[in-house]
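Please open the model in your viewer and keep the sequence panel beside it. The stops below are meant to be selected one after another.

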Amino acid sequence: MRTLALILAGGRGSRLDILSAHRAKPGVPFAGKFRLIDFALSNCVNSGIYNVGVLTQYLPHSLNRHIGIGKPWDLDRKNGGVTILQPFRGKPGETDWYKGTAHAIYKNISFIKSNNPEEVIILSGDHVYEMDYSKMVNYHREKGADLTVAAQPVDYKDASRFGILDHAPDFEVTNFVEKPADPPSNLASMGIYVFKTDVLLDLLKQNCNQQNSDFGHHIIPPMIENQDQKVYLYKYDDYWRDVGTLESYWETSLELAKSIPELNLYDESWKLHTRSEEKPPAKFGKYGGASCSLISNGAIINGTVENSIISPGVYIEKGAVVRNSIVFNDSVIRSNSIVDKAIIDKEVEIKANCKIGDGDDHTPNRDKPDLLASGLNIIAKRATIPEGTVMGRNCRVFSYVGEENFPNKHISSGSTITSEQGEKITAGDEDKIEELSIS
């Protein structure tokens with residue numbers, strides 16, 4: 001119990017677009033039966049860290065229900081365990097909400113003090129990786145560091161999305177630039193920080209009384225400039241992915257369908273724990289088949305699945321084909337429909353004789369050209385696609401869309417199909433979010 005883990009899990013994940021309209025990004029399903037936050041939680045317990053706080057904010061309902069009292073992760077403990085830390089009203093004049101990563105931790109100083117840890121490890125709740133945090137904590141102690149930052153190289157084309165570091169030969173950090181337009185290198189912060197507790201508390205009190213305080217802007221750069229505080233790099237060379245965009249989420253998911261993926265979900269020595277759906281085994285009918293795919297419990301496959309991720313309770317009828325796609329819980333693909341390169345959210349129904357992902361026209365989405373330009377279609381929660389619909393590429397279909405929302409059965413590439421309910425949810429209508437976004 002010398003180390004306290006704080007998981008930042010309140011982000012909206014706007015670059016996941018309508019996929020995160022109903023849930024916080026860490027609550028997005030992944031690899032069929034899991035959610036993104038399962039990686040951080042499982043890493044904690046596998047590393048021997050059983051004192052965990054999860055900071056939630058945006059649409060926390062499904063995330064809170066998923067974590068519960070922490071039983072799947074052995075975090076339902078009398079001493080330590082998991083604590084959900086939601087925003088609250090503090091002293092007069094203080095904001096109710098978390099305004100940045102550092103401000104979120106600042107608002108929970110009393111929780112940190114009550115646990116009296118030697119170190120605090122701060123984690124993102126939406127990254128995909130398996131990491132033994134105890135090795136990083138031991139490195140932090142050996143270096144006598146005030147702060148240790150985990151980092152690894154990324155593609156230069158993605159470097160502007162991260163905090164970028166530079167370091168001396170002994171791995172002391174000499175520079176940190178948050179999301180630079182012109183990155184000086186590709187060594188990127190993983191958003192994993194180990195702080196000496198007293199140093200962290202002092203920094204938070206000094207820099208976070210104002211709103212909008214982030215580690216990358218308001219905490220780490222001043223520490224590097226202060227010659228009395230030691231900031232070290234912990235270089236991590238194993239598998240790690242930031243699934244911050246629709247394309248990276250789709251690519252990272254389908255990597256798991258390879259014969260020998262880089263991330264081994266079947267490693268008995270490092271189990272990925274989750275709150276499992278209570279469903280029967282997956283079932284294949286007489287004409288059902290799957291190749292290079294993950295098929296979750298409760299799925300019924302009477303059609304063909306190729307290079308795809310099928311979540312619990314999905315039903316694929318005879319003659320239907322799903323390829324290069326991710327299908328979330330309890331969705332239905334009716335007979336003779338073809339789904340090619342799509343992400344389909346929960347409880348979607350694609351009726352018979354549809355074709356989702358037709359042709360080679362890759363016109364970017366007219367509303368979100370920066371998010372959808374590679375041919376990937378996104379169909380949001382509880383949408384219904386009418387029988388016989390032919391949809392091109394880079395299309396967005398909002399939640400609760402029905403037959404009345406389709407102008408015709410031929411949807412050109414780059415289109416967006418909306419519904420009144422789906423627009424309200426995506427725009428942040430709190431009443432609709434509360435009513436409709438529980439799972």
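This is a predicted model: local features need pLDDT of at least 70, side-chain atom pairs count only at pLDDT 80 or more; totals for chains, interfaces and linings use all residues.

Residues are numbered from 1 along each chain as its sequence is written, and side-chain values use heavy atoms, with hydrogens and water left out.

Select residues 37-46, helix H1; helices (H or I, at least four residues) and strands (E, at least two) are DSSP runs, numbered from the N terminus. Among the buried ones are Ile37, Phe39 and Cys44. After the helix comes Gly48, with a positive phi near 85 degrees.

Next, show the aromatic rings. Rings of Phe, Tyr and Trp (its six-membered ring) pair if their centres lie within 6.5 Å, and planes under 30 degrees apart count as stacked, over 60 as edge-to-face and the rest as tilted; the count by this rule is 8 aromatic pairs. Phe30 and Phe39 have ring centres 5.7 Å apart and planes at 70 degrees, so this pair is edge-to-face. Both Phe30 and Phe39 are buried. Tyr139 and Tyr234 are also an edge-to-face pair, at 5.2 Å centre to centre and 65 degrees between the planes. Because Tyr139 lies in helix H5 (residues 133-143) and Tyr234 in strand S12 (residues 231-235), the pair ties together parts that are 95 residues apart in sequence.

Now select Arg77 and Tyr50: the charged end of Arg77 sits over the ring of Tyr50, 3.8 Å from its centre. A charge sits over a ring if NZ of Lys or CZ of Arg is within 6 Å of the ring centre and within 35 degrees of the ring normal.

For the last stops, select Gly11, Thr101, Asp126, Lys179 and Asp214, which lie nearest the centre of the largest pocket among its 44 lining residues. A pocket, on a 1 Å grid over the protein atoms alone, is an open set of points where a 1.4 Å probe fits, with protein on both sides within 12 Å along at least five of seven lines, and lining residues have an atom within 4 Å of a point. Strand S11 gives the most to this lining, with 4 residues. In the second largest pocket, helix H8 supplies the largest share of the lining, 5 residues.

Conventions. Buried means under 20% relative accessible area, exposed over 50%, partly exposed in between (1.4 Å probe, protein chains only).
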